[in-house]
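Colleague: Could you walk me through how to read the helices and the sheet here?

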Amino acid sequence: MPENQSKIKRIWHRVTGDERSTLKAPMLNTVIMVYIGLTLLCYVLFLIAPFVTFISQTPLRHIQSYLGILGALLLCADLFTNKVVWRTPYCMLLYGLCALAGISALMTISYGVEDNLFLICWTLIEFSLFYSCAYRWERTRLRKFMKYLYATILLCWFVACCVSVYQYVFQIGYRYVINPLSDDNSLARQGFLEGRLFGIFSPLNHAVYVSLMLLMIGVYYLIHSKRALIRAALLIANLPLFFHIILSGSRSAQVSMLVCSFAILWLWFRNRSRYTDFRRFFLPMGLALLLTVVLAFGFMGIKTALGEVPHWVDSVSASGKPEAPPTPSGEVEPSPEEDVLHREGLEENVSNDRFRIWTDYLSLYREIGLLGLSPGNYMSYIRENHPDMFIVQYVRDNYPGKFMHGTIYHVHNGYLMVFVSTGFAGVLLMLAFIVLCLIRLVRYMKRQARVSDAFIFAFAVATAGAISAVFDKGVFFMNNPSSFLFWMALGFLMAKSENTEQRSSLPCLRRKKHGD
C-alpha cells in the first residue's frame with residue numbers, strides 16, 4: 001500500500017509539476033500574458049455598440065471564437081510545459097466545476113452542443129489562464145504590463161464614456177440593431193432612455209461594472225503616481241467613468257461602489273492604526289463606515305446635480321420631453337418626467353422582477369438535481385418543459401424575436417447560475433472554493449500588520465465582481481471584461497497571501513532589484 005501511494009504521488013507530481021517548472025518555458029508565459037491582455041481589450045471593445053456594428057461587417061466578427069480556440073491551445077501547451085495552471089490555490093475545485101458542467105452538458109446534449117462548448121471552454125480559460133496570470137511573471141514585469149494594459153483600456157473606455165455622457169446632457173435616445181448578423185436582431189436601447197444612461201454600450205450592466213473596476217484601478221494609480229501631469233490626466237480620464245456609474249441607474253453597481261469604498265477605507269485606516277488589540281479592527285471599521293455614509297450622501301448630491309444638467313443646457317423642453325433627434329430606426333422620446341433620472345415602476349417592483357426570476361429557478365430544484373441542466377442548455381430545457389413559468393412568458397410576450405431563438409429570462413445571479421448549471425454538486429464545490437479563499441485572505445490579513453495598496457485595490461476589484469454576481473449572471477460561466485478582471489484580481493490576492501516560506505517560489509513576488 002505505501003508503495004502504491006508513493007507511485008501515485010510521483011505520477012501526480014509529474015502531471016502537475018512544482019514551483020520549479022513554472023519557468024520551464026518562459027516564452028510561453030509571455031505569450032499567455034499577451035493573450036490575456038489582448039482578450040481583455042477585445043472584450044472591452046465588444047461592449048461598445050458602434051464597434052460591434054462596425055466589426056460585424058468584417059472577417060473579425062468571429063474574433064471571440066478565435067480567441068477561445070487560441071486560449072484552449074495555450075492551456076494545453078501550459079499543461080505540458082510550465083504547468084502554472086496547477087499552481088493556483090484550490091484550482092481543483094474550479095476544474096471540478098467545469099467537469100460537472102461537461103457531464104451535465106452530455107446529459108442534455110439533445111438540446112444542443114455549441115452553447116455548452118463555448119461557455120465551458122471560456123470558463124476553463126478563465127479558471128486556468130486568467131486566474132493564474134499573477135503566477136507567471138515577476139512582480140516588476142507584471143506591474144509594468146498591467147500599467148500599460150490599463151492605460152490602453154482606459155483610453156478606449158474614456159472616449160466611449162464621454163460620448164455617452166454627451167448623449168445624456170443633450171438627452172439623445174434611440175434604438176437600433178447592434179449586430180445585424182446576429183440571430184437576435186431585436187432593437188437595443190442606446191443613449192438616454194427610460195431614466196437611464198445606456199450610452200453607446202451593450203449590455204448596460206456589464207459596461208457599468210467595467211467603469212467601476214477601471215475607476216478603482218485608476219484611484220490606485222492616482223495615489224501612487226508621482227507626476228502631477230499624470231495625476232491630472234488620470235483624474236480627468238476617470239471622471240466620465242464615475243458619471244457613467246451614477247447616470248446608468250444601476251443600483252447594484254452603485255451599492256457595489258459603496259461597499260468597495262468601505263473595504264478600501266477600512267484596510268487603508270487599518271494599515272495606519274497604532275493599536276494591536278481589538279481596536280485595530282473595530283476603530284478603522286467604524287471610521288470607514290462613517291465615511292462611507294458621507295460618500296453615499298455625496299453620491300446622492302452629485303446625482304441630483306447631474307439631473308439638472310439637461311435643464312441647464314435647454315435639452316429638455318418645457319413639457320419635460322427630451323428633444324431627441326430623429327434616427328434611421330425612428331425617434332424615441334423618453335418619459336416626460338421632471339426628474340430625468342427617475343426610473344418608473346421601481347416603487348411597485350423593487351427587485352425589477354429578480355425575486356420572481358429567482359423563485360422560478362429555485363422551484364426547479366428537483367429537476368436540476370445533483371448535476372444540473374448545463375450552462376448552455378438550461379434555457380432550452382425550461383422553455384420546452386415549463387412554458388407557463390414567468391421566466392418563459394415574459395420573454396415570449398415582450399421579446400418574441402429572442403424567444404424564437406430559444407432565449408428566456410436568464411438567471412440574474414451568478415451563484416444561482418452555478419446551481420442551475422451544475423446542480424447541488426456544483427454548489428458544494430463553489431461554496432468550498434469561496435470559503436477557502438475567504439479563510440486564506442483573513443489569515444493573511446491577520447498575519448500582516450500592513451497590507452500593500454495593490455492588495456487593497458485588488459481586493460476591491462474582486463469584491464465588485466463578487467457583488468455583480470448577486471444581481472447578474474456574474475463570474476461563473478460568464479465571459480465578459482468584469483469577469484476577467486475578477487479572476488485576475490483574485491489570482492493576485494491568492495499569490496500575495498502565500499505563506500512566508502512559499503513566497504520566494506512565486507514569480508509575482510520575486511524582485512529583480514528592489515521592491516516595496
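This is a predicted model: local features need pLDDT of at least 70, side-chain atom pairs count only at pLDDT 80 or more; totals for chains, interfaces and linings use all residues.

Colleague: Which residues of H11 are buried?

Modeller: First the general idea: an α-helix has 3.6 residues a turn, so residues three or four places apart point the same way. In H11 the buried set is Arg-280, Pro-284, Ala-288, Thr-292, Phe-299, Leu-306, Gly-307, Val-309 and Pro-310. The helix itself, residues 279-312, spans 49 Å from first to last C-alpha, close to the expected 50 Å. Asp-314, which follows H11, has a positive phi near 60 degrees.

Colleague: And how do H8 and H18 run relative to each other, roughly parallel or roughly antiparallel?

Modeller: Look at the crossing angle; over 145 degrees counts as roughly antiparallel. The axes of H8 (residues 204-224) and H18 (residues 453-471) cross at roughly 170 degrees and come within 10 Å, so the two helices are roughly antiparallel. Residues making the contact include Leu-212 and Met-216 of H8, and Phe-457 and Val-461 of H18. By type, the contact residues are 14 nonpolar, three polar and one charged.

Colleague: What is the strand order in the open sheet?

Modeller: In general, strands of a sheet pair through backbone hydrogen bonds, either parallel or antiparallel. Here the order is S1-S2-S3, with antiparallel pairing. S1 (173-176) and S3 (196-199) are the edge strands, and the twist averages 30 degrees from one strand to the next. H7 packs on this sheet, touching S1, S2 and S3. Four bridges link S1 to S2, and Tyr-174 has Gln-190 of S2 as its bridge partner.

Notes:
Residues are numbered from 1 along each chain as its sequence is written. Side-chain values use heavy atoms; hydrogens and water are left out. Axes are lines fitted to C-alpha atoms, for helices over the stretch in contact, and angles run from 0 to 180 degrees between N-to-C directions. Angles under 35 degrees count as roughly parallel, over 145 as roughly antiparallel, 65 to 115 as roughly perpendicular and the rest as oblique. Contact means heavy atoms within 4.5 Å. Ala, Val, Leu, Ile, Met, Phe, Trp, Tyr, Cys and Pro count as nonpolar, Asp, Glu, Lys and Arg as charged, and the others, Gly among them, as polar. The expected span of a helix is 1.5 Å times one less than its number of residues. Buried means under 20% relative accessible area, exposed over 50%, partly exposed in between (1.4 Å probe, protein chains only). Two strands pair if DSSP finds at least two bridges between them.
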